[in-house]
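Dear colleague,

I am passing on the structure we spoke about, and I would be glad if you could look through it alongside the notes below.

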Amino acid sequence: MANETSADTVPQAASILAERERWVANGVATPKAVTVGAHGARIETADGRELIDFAGGIGCLNVGHGNEQVLAAIHEQVDSYLHQCFMVASYEPYVGLCRRLGELSPCRGEQQKSVLFNSGSEAVENAVKIARAATGRPAVIAFERGFHGRTLLTMTMTSKLVYKRSFGPYAPDVHHLPAPYPFRGIDTADALEALHYLFKAHVDPSSVACVVLEPVQGEGGFIPMPADFLHALREICDQHGIVHVDDEVQSGVGRTGKVWAVEHLDVEPDLLVSGKSLGGGLPLAAVTGRAELMDAVSPGGLGGTFGGNPLACVAGSAVLDIVASERFAEQAQALAARLRESLDALAAEHPRIGEVRGLGTMLAMELVEDPQSRKPDAAFAQATLAAAFDRGLLLLACGLDGNVVRLLPPVTIGDADLEEGIGLLGEALAAAAER
Ligand code: PMP
């Protein structure tokens, strides 16, 4: 691996970063890496390095950078037409992707339909619109540590101030409840008690359109929702006619080893929101659910100029074929076992890894100041990320306190890259722990 910086390529990276500083708004976070190419689980940088990619464009590359099947589908479509706008004329790639999403849908109901968008935020926002139209109710329930996007409504639903500060007033009738987080002492019974309290004290359940929950909270810290919580929530939704929206923008599309994370939990949601890895690197997101709900909105009520762009749709169908295959499931299982084993070994070595958790290949380590107090240690996480980057591994943090190191490598990562990445992760943690 070419990790030495070569003198004549350094100015290129430096000048791109300088130009970025000059021309790009500061509100977009500024990482150090400058990419010039990517393949599989590796990224080439402008200063001539290669990084092992355990970030996957924040979970968008479950099938890897430049996946051959995805590229072939895109190449073929490029020569036919790039854009049509589904509201101007229908085209097969959009219909074909909705068929595929319907066939693979984990949602309740016989006939499944979908509608396509450009981003996860847009799709979550539209899932709420559909739930409101179907129920005729206004209120939305979201959960602490949830992330649902950056539009006004989805930002309101998101619970982390860094994404919300100075952007109010927020959307009305959005209510936040605690979600189970066993490591921090919140169990299913606590979360349900808070829900019942909300229904008694503040919100009439008959005014609630939908409950929106990630089956594994992503940005909030890779917190898997316990099955008993999902089952209880499903029952409460049924009791009160509330739509259960399953936000799988980060946890879906093969990340956990099944196509959808909720399939591990034996629950049928009403609406599924997918995004990120669905487009294999192109902007694409979807809302899927039974026809009766989806068709509550009359023609013209949903859509968007670019939503379901033909290139993104053919990529999406190729991605779904890959992640629904037996081969992919085997790869995911092997990767999950190997990552879990290596994280458990690191935790045995480093007492400040407070917990290793996740579902399938969606795994993370929560870093703490000491195992007794469990005080979140964001500085340790940042130092680990920096040490990893210096050694050639791209990593991300997450969590309300920024103290969780999450792993989102392509599920298709080869053994050699995986072993190298795991080795670098161990070195980075050791260096960060000693700082
Ligand atoms: N929902 C979840 C669970 C997410 O993780 C994200 C993105 N991190 C979104 C919604 C928003 O997706 P996008 O950034 O594509 O708008």
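Helix H8, which runs over residues 227-240, comprises 14 residues and spans 20 Å between its first and last C-alpha, close to the 20 Å expected at 1.5 Å a residue. Please bear in mind while reading that the model is a predicted one.

The buried residues of this helix are Phe229, Leu230, Ala232, Leu233, Arg234, Ile236 and Cys237. In general, residues three or four places apart on an α-helix point the same way, because there are 3.6 residues a turn. The cover over the buried residues of H8 includes the strands S5 (139-143), S7 (208-213) and S10 (243-247), together with helix H7 (188-201). Just after H8, glycine 241 adopts a positive phi of about 70°.

Turning to the ligand, the residues that surround it are Ser119, Gly120, Ser121, Phe147, His148, Gly149, Glu214, Glu219, Asp247, Val249, Gln250 and Lys276. By type, this shell consists of two nonpolar, six polar and four charged residues.

Which atoms of the protein lie 2.8 Å, 3.3 Å and 3.4 Å from the ligand? A polar backbone atom of glycine 120 is 2.8 Å from an oxygen atom of the ligand, while a backbone N or O atom of phenylalanine 147 lies 3.3 Å from a ligand nitrogen atom. In the case of glutamate 219, an N or O atom of the side chain is 3.4 Å from a nitrogen atom of the ligand. Of the 400 Å² of accessible area that the ligand has on its own, the protein covers 84%.

Technical notes:
Residues numbered from 1 in each chain as written. Predicted model: local features only at pLDDT ≥ 70, side-chain atom pairs only at ≥ 80, totals over all residues. Heavy atoms only, no water. Helix = DSSP H or I, 4+ residues; strand = E, 2+ residues; numbered from the N terminus. Expected span 1.5 Å × (residues − 1). Buried < 20%, exposed > 50% of the residue type's maximum accessible area, 1.4 Å probe, protein only. Contact = heavy atoms within 4.5 Å. Near = heavy atom within 4 Å. Polar contact = N/O pair within 3.5 Å; in protein donor to acceptor, adjacent residues only side chain to side chain. Areas by Shrake-Rupley, 256 points an atom, 1.4 Å probe, with all protein chains shown as cover. Nonpolar A, V, L, I, M, F, W, Y, C, P; charged D, E, K, R; others polar.
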